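Me: Can you walk me through this one, a bit at a time? I'd like to ask some questions as we go.

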Amino acid sequence: MDIVCSEIPDDERPEYASPADRNYLRYAKFADLDTLMFVRTRLAQQAPTVVVRDFAPSEHYDTHADVLIVIGGPPWNTKFREFLPQLPFHFEPHPLGEDDPLVVPGLDDLTLTPRWTPRGELIEDLAVFTRLTLRGTIVFLLGGCLTLGVLGAARCLLDSECGPGNTDYLTGRVGDNDFVLVVEARRVGGITDIADMTAVGPLLLLSRGVGENWSVVVDNTKRFTDRQRSIGLGR
């Protein structure tokens, strides 16, 4: 199993992220580090005999792994970009320091963005979990508009409490097909809220069978866009 985690651009990295630095720390160049550590820990707990290797995108090479997990969206993960032509969504690129909205062209260019308070405090991000099967390799893409969404995508299916129920929910609706799952990711202080789809359905669930086009299985995005409008009116 290979994990390819997003990496911080060269001009944003600390000096000790360089192998030439006397206090070199390899993981200092990794972005979405919370998600990487969470995924590695949960895999060690659930599948202790599986060989897991982690890479930055600039390090990755084809190891013929059975499973590939890609952590972090296209802006800082070039491996994620390789799969964009296969996907029914994209993250609209914006300059560093601004949100990269989630866009779904097949739904009249539906655009979802993180929600903020008028004081600039993050309320909610979008967690996007994708499964693709390509030439016998299962690919999982963990994305979000911000790092909170990426962590939310991982915890949605790997959390010890909510993960099994969420997995059963997905299996009952898409089986072994490819899918794209979009759920809310909320944070209160340093605590990340975990989506429980057995209680509240996902924002969006798309699926496709072998040789088929993507189709909508669940669409609850109106509840999110309604909240976005209410925040706008509140300002």
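Predicted model: local features only at pLDDT ≥ 70, side-chain atom pairs only at ≥ 80, totals over all residues.

Me: How many residues of strand β12 are buried?

Reply: Strand β12 covers residues 204-208 and is mostly covered. Going by that cut-off of under 20%, the buried count is five of its five residues.

Me: What is the bridge partner of D178 in β12?

Reply: Strand β10, residues 178-188, pairs with β12 in the antiparallel sense, and the pairing runs over five bridges. For D178, the partner in β12 is R208.

Me: And on the β13 side, what is the bridge partner of L206?

Reply: β13 spans residues 215-219 and pairs with β12 over four bridges, again in the antiparallel sense. The two strands form a hairpin with six residues between them, where G211 takes a positive phi near 75°. Across in β13, L206 has as its bridge partner V216.

Me: Is S6 buried or exposed?

Reply: S6 is in the loop between β1 and α1. The cut-off for buried is under 20%, and S6 has 1% relative accessibility, so S6 counts as buried.

Me: Now the pockets. Which element gives the largest share of the lining of the largest pocket?

Reply: The largest pocket has a volume of about 570 Å³. It has 31 lining residues, and among those closest to its centre are P75, W76 and D100. β4 and α3 are the elements that give two or more residues to this lining. The largest share is three residues, and it comes from α3.

Me: Which element gives the most to the lining of the second largest pocket?

Reply: The second largest pocket has a volume of about 440 Å³. Its lining has 20 residues, with F129, F140, L157, L158 and T167 nearest the centre. Elements that each supply at least two include α1, β8, α3 and α4. The most, four residues, comes from α4.

Me: How many of the residues lining the second largest pocket are charged?

Reply: That lining divides by class into 15 nonpolar and four polar residues, plus the charged class. The charged count is one.

Definitions and conventions
Residues numbered from 1 in each chain as written. Heavy atoms only, no water. 1 Å grid on protein atoms, 1.4 Å probe; cavity = no way out; pocket = protein on both sides within 12 Å on 5 of 7 lines; lining within 4 Å. Points joined across faces, edges and corners; volume = space filled by probe spheres on them. Nonpolar A, V, L, I, M, F, W, Y, C, P; charged D, E, K, R; others polar. Buried < 20%, exposed > 50% of the residue type's maximum accessible area, 1.4 Å probe, protein only. Pairing = 2+ DSSP bridges.
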